Amino acid sequence: MTHTPGSWTSPIPKSDVGAPNSYEFTHPDGAYLFRVDFEPEMWEREIVSNARLIAASPRLLEACERALTFIMSLPYEPSNATSTRVQDALVDALTLAKGE
């Protein structure tokens with residue numbers, strides 16, 4: 001799976017009051033990536049929150065990959081159920097994100 005690397009940017013307002021229903025996302029070099037049109041019935045706060053999540057997705061993907069690598073490098077401890085649950089959650093999220 002490949003995706004457009006780097007940070008994705010969009011002119012997302014600081015306030016959700018009067019937020020537009022569509023956002024164009026660009027690469028830091030200015031190249032157009034894609035546009036997302038949200039349903040007009042959505043709350044402005046939800047639209048802005050979704051746009052922020054989309055813009056952050058490349059960084060979130062990288063952070064999840066790094067966290068999984070770190071957790072998998074830890075010595076196995078049968079009593080450490082927390083790290084196993086976190087590892088399973090990261091594997092599930094990365095599988096979904098990568099379409100595997």
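**Fold and core of the predicted model**

The protein contains two helices and two strands. Helices (H or I, at least four residues) and strands (E, at least two) are DSSP runs, numbered from the N terminus. This is a predicted model, in which local features need pLDDT of at least 70 and side-chain atom pairs count only at pLDDT 80 or more, while totals for chains, interfaces and linings use all residues. Residues are numbered from 1 along each chain as its sequence is written, and side-chain values use heavy atoms, with hydrogens and water left out. The order of elements from the N terminus is β-β-α-α.

Strand E1 pairs with strand E2 (residues 32–37) in the antiparallel sense, over five bridges. Pairing requires at least two DSSP bridges between two strands. Ser22 has Asp37 of E2 as its bridge partner. The two strands, E1 and E2, form a hairpin with five residues between them. Gly30, in the turn, has a positive phi of about 95°.

Buried residues (under 20% relative accessible area, 1.4 Å probe, protein chains only) make up 21% of the 100 residues. A nonpolar core is a set of buried Ala, Val, Leu, Ile, Met, Phe, Trp, Tyr and Cys residues joined through side-chain atoms within 4.5 Å. The largest such core has eight residues: Tyr23, Phe25, Val36, Phe38, Ile47, Val48, Ala51 and Ala55. Strand E1 (22–26) and helix H1 (44–73) each supply at least two of its residues. H1 gives the largest share, four residues. A second, separate core has five residues, among them Leu61, Ile71, Leu90 and Leu94.

Conventions. Buried < 20%, exposed > 50% of the residue type's maximum accessible area, 1.4 Å probe, protein only.
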